[in-house]
Amino acid sequence: MAEHHDHDEPKGESLIDKISGKIHAHDSSSSDSDNEKVDTSGSIKSKIYRLFGRERPVHKVFGGGKPADIFLWRNKKVSGGVLGGATVAWILFELLEYHFLTLICHICMAALAVVFLWSNASFFINKSLPHIPQVHIPEEPVKEIATALRVEINRAIAVLREIASGRDLKSFLYAIAGLWVLSIVGTWFNFLTLLYIGVILLFTVPVFYEKYDDKVDTLAEKAIAEIKKQYVVFDEKVLSKIPRGPLKDKKMA
């Protein structure tokens with residue numbers, strides 16, 4: 001009987017081992033499935049289309065400093081002041097046809113005359129002298145704006161150099177089409193009006209895009225997909241039929 005009891009004990013242990021093994025296998029499979037779900041959700045998030053391949057917030061795209069705060073209306077007083085000043089300048093120079101040098105001279109003449117008369121009249125009417133504030137341009141905002149402009153100009157030069165190298169026909173066609181459209185727009189407006197339109201777009205489009213970026217990215221993805229389809233058709237019907245000369249670097253037999 002003792003031998004029979006000792007012989008049944010390993011069977012019970014093996015049955016328990018099998019049950020625990022199945023439980024561990026189920027837990028590991030469930031954890032693997034959870035990890036797969038997390039990976040798939042992360043991959044879906046990473047595959048979300050962003051306009052111009054943007055991977056950073058709009059504020060960071062503009063440098064993340066005071067210029068970005070101005071363009072995105074973080075500081076509404078400064079943004080409104082800059083846009084209002086641009087509007088006043090456009091009205092003066094474009095609608096009223098004021099010349100820049102004449103305007104500066106008239107403003108300086110009026111300011112000097114008012115301050116001079118006020119300073120001399122204060123002795124007769126027993127008033128304190130006018131306080132003339134010391135106006136200076138801060139250094140940091142000027143450096144930030146200059147740095148942002150330098151980066152964008154260098155990037156544009158690099159893009160133009162890459163297009164001119166002849167490696168990408170599609171980029172070349174896009175550049176030619178863009179310049180052609182810009183030349184047509186230039187016949188409708190003069191440089192000052194185009195500059196003012198650019199300022200208005202700079203103060204309206206980024207803040208609108210930051211607020212509705214998901215909807216804009218979805219529409220842009222559909223539009224770009226349609227443009228790519230049309231380009232494929234154009235490539236098959238037109239570009240592929242353009243005769244091309246032999247390669248220059250082909251070895252002579």
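Author: The UniProt record, an unreviewed entry, lists residues 78-93, 99-118 and 195-212 under "transmembrane region"; its positions are given in the numbering used here, feature names are shortened, and annotations may be inferred rather than shown by experiment. Residues are numbered from 1 along each chain as its sequence is written. The model is predicted, local features need pLDDT of at least 70, side-chain atom pairs count only at pLDDT 80 or more, totals for chains, interfaces and linings use all residues, and side-chain values use heavy atoms, with hydrogens and water left out.

The span 195-212 is 94% helix and 0% strand, and its end C-alpha atoms lie 26 Å apart. Helices (H or I, at least four residues) and strands (E, at least two) are DSSP runs, numbered from the N terminus. Helix α8 covers residues 191-211.

Val205 lies in helix α8 and is partly exposed, because its relative accessible area is 45%. Tyr209 also lies in helix α8, but Tyr209 counts as buried because its relative accessibility is 11%. Buried means under 20% relative accessible area, exposed over 50%, and partly exposed in between (1.4 Å probe, protein chains only).

Tyr209 also has a partner: its side chain makes a polar contact of 2.7 Å with the side chain of Asp217. Such a contact is a pair of N or O atoms within 3.5 Å; within protein, one must be able to donate a hydrogen and the other to accept it, and residues adjacent in sequence count only if both atoms are side-chain atoms. Between Tyr209 and Leu72, the C-alpha to C-alpha distance is 9.9 Å, although they are 137 residues apart in sequence.
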